Amino acid sequence: MAKFVVTPASEAQRDAWTGGGFPDVEQVRPGLWSIPVPIPINPLRYVLVYALELPDGVAIIDAGWNTDEAYDALVAGLGVTGYAVTDVKGVLVTHIHPDHYGLAGRVREASGAWIALHPADARLLRDRYDDEAVDTLVARERTLLLRCGVPPATLEELAGASMMIRRMVSMATPDRLVEDGEELRLPGWDLRALWTPGHSPGHLCFVSPGRRLLFSGDHVLAKITPMVAVHPQSGPNPLADYLDSLAVVRKLEVDEVLPAHEYRFLELTERVDYVTAHHDERLAEVERVVGAHDGIDCWTVATRLTWSRPWETIPPYMRRSANNETLAHLVWLEAKGRVVREPGEPDLWRLG
């Protein structure tokens, strides 16, 4: 597949990303700011928080991880825009992953702001972040990995691989549940929510038709593709959800895409087409690996796919992500009748 490169909306922001640096706070439009907030020990390095000016303060889209460094960067970034954290009236969370939702509770404590989430993600909060419930979630992950054929020597390590980032979240029940198509009542803004499940069950994008802007969260990024995986809190066929959601945003008429990572860019339609083609190629590759064996488990399929680095060099926690992404492709193929599953420990996959 020929590589498609988007046009950056901000050369400085693109150069910071590609050069391994940290971008500046930027005024995107009158009344709209981009604030980078650092992510610790993560190749993404930062999340882009967007501040939308209101008559009596600001609303922000996403918040960052719950660390002192991230909080201080958010406060300092708001200061550049002329506001304080106490001026935040609302936090629109695109989804519940820690780099987006983690600081929302701390911001609310400082400002009294409301927090908004899609109901599908709000339902997952307790099992994901409550100390009394998380053991059940780890047990469900262990069962999933066992059925995928993960070797016993690494099963426990992979099942609990997400526990290290739970402390990056200040558990906060949302004040508002935002449904698909809902018009957000932000004075001076024509912001509409779009439910775009796949990366998470309740992922939201926000579109401003008047300003021709799309706040895309993790749904559409400039260079990488978001993780779409089967796991205990995913939908039954998250890749189908994701591809359907891509088709929805493809129809939007916007001039600029404002993602939560990397940098802002211009060509939404072409980027969506490229990402869709990438998954088509990945599905074909998975199908070829399955077809070369008379019964193969998901873990083994994952080890034989093309990744950005040799499998042996991928850290264990990222191998879990690779396995669960592979499972998402297998499930999509199963739904189309192109592969079949023989249940067991592990499940075995064959061509349909």
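This is a predicted model: local features need pLDDT of at least 70, side-chain atom pairs count only at pLDDT 80 or more; totals for chains, interfaces and linings use all residues.

Residues are numbered from 1 along each chain as its sequence is written, and side-chain values use heavy atoms, with hydrogens and water left out.

**Helix α9.** I then checked the span of α9, which covers residues 238-250: its 13 residues reach 18 Å from the first C-alpha to the last, close to the 18 Å expected at 1.5 Å a residue (the expected span is 1.5 Å times one less than the number of residues). I kept a reminder that an α-helix has 3.6 residues a turn, so residues three or four places apart point the same way.

**The whole chain.** I counted 12 helices and 14 strands, taking helices (H or I, at least four residues) and strands (E, at least two) as DSSP runs numbered from the N terminus. The radius of gyration is 20 Å, close to the 20 Å that the globule rule gives for 352 residues, so the chain is as compact as a globular protein of that length; the radius is taken over C-alpha atoms, and the rule is 2.2 Å times the number of residues to the power 0.38. Along its principal axes the C-alpha trace spans about 65 × 45 × 35 Å, and 56% of the 352 residues count as buried. Of the contacts with a separation of 6 or more, 64% come from residues 24 or more positions apart.

**L92.** I found L92 in strand β5 (residues 88-92), and it counts as buried at 0% relative accessibility. Its C-alpha atom is separated by 4.7 Å from that of I61, which is 31 residues apart from L92 along the chain. Leaving aside neighbours within four places in sequence, L92 is in contact with residues including I60, I61, W114 and F206.

**Q233.** I placed Q233 in the loop between β11 and α9, where it is buried with a relative accessible area of 5%. Leaving aside neighbours within four places in sequence, Q233 is in contact with L124, D127, R128, L137 and P201.

**Backbone entries.** Most residues other than glycine have a negative phi, and most peptide bonds are trans. With that in mind I wrote down R212, whose phi is near 55° and which is found in the loop between β10 (204-208) and β11 (213-217). For E262, phi is near 65°, and its place is in the loop between β12 (256-259) and α10. Are these two residues buried or exposed? R212 is partly exposed at a relative accessible area of 31%, whereas E262 is buried at 0%. My last entry is the peptide bond from E345 to P346, which is cis with omega near 15°; P346 lies in the loop between β13 (339-342) and β14 (348-351).

Definitions and conventions. Buried means under 20% relative accessible area, exposed over 50%, partly exposed in between (1.4 Å probe, protein chains only). Contact means heavy atoms within 4.5 Å.
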